[in-house]
Amino acid sequence: MSRHTLRDPREVIREEMTMHAAIEAALVDGPLTVPQIAEAIGHPAEEVVYWVMGMRRDGDRVELPDDDEGWFPYALTSNGA
């Protein structure tokens with residue numbers, strides 16, 4: 001994971017709803033891990049975790065079994081498609 005200075009978590013969380021479309025677009029072609037989503041949308045993985053967890057909580061994403069490096073890939077569900 002890259003080492004960026006995390007913005008105030010309240011600021012990151014406030015952006016969650018605006019980031020859903022970018023994350024959904026990144027997942028259209030198949031499951032991605034948080035670092036892969038971060039690279040695809042151009043935001044630090046430390047922030048993407050907040051947004052993906054919020055989307056997972058809402059049932060828009062499903063966690064798949066972890067990869068060999070300990071990252072869980074995320075995929076769109078029928079709620080998020």
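**Buried glutamates and the nonpolar core**

Modeller: In this predicted model, E16 has a relative accessible area of 8%, and because the cut-off for buried is under 20%, E16 counts as buried. E16 lies in helix α2, which covers residues 16–27. Beyond the neighbours within four places in sequence, the contacts of E16 are Y50, W51, G54, M55, R57 and D58.

When residues up to four places away in sequence are not counted, E47 touches L6, R7 and V12.

The nonpolar core comes next. The largest such core comprises 16 residues, and those with the most contacts inside it are I23, I37, I41, V48, W51 and V52. Two or more residues each are given to this core by α2, α3 (34–41) and α4 (45–57). Helix α4 supplies the largest share, namely five residues. In soluble globular proteins, nonpolar side chains tend to be buried together.

Setting aside neighbours within four places in sequence, I37 is in contact with I23, L27, L32, V48 and V52. Of these partners, I23, V48 and V52 are also among the residues with the most contacts inside the core.

How values were computed:
Residues numbered from 1 in each chain as written. Predicted model: local features only at pLDDT ≥ 70, side-chain atom pairs only at ≥ 80, totals over all residues. Heavy atoms only, no water. Helix = DSSP H or I, 4+ residues; strand = E, 2+ residues; numbered from the N terminus. Buried < 20%, exposed > 50% of the residue type's maximum accessible area, 1.4 Å probe, protein only. Contact = heavy atoms within 4.5 Å. Core = buried A, V, L, I, M, F, W, Y, C linked by side-chain atoms within 4.5 Å.
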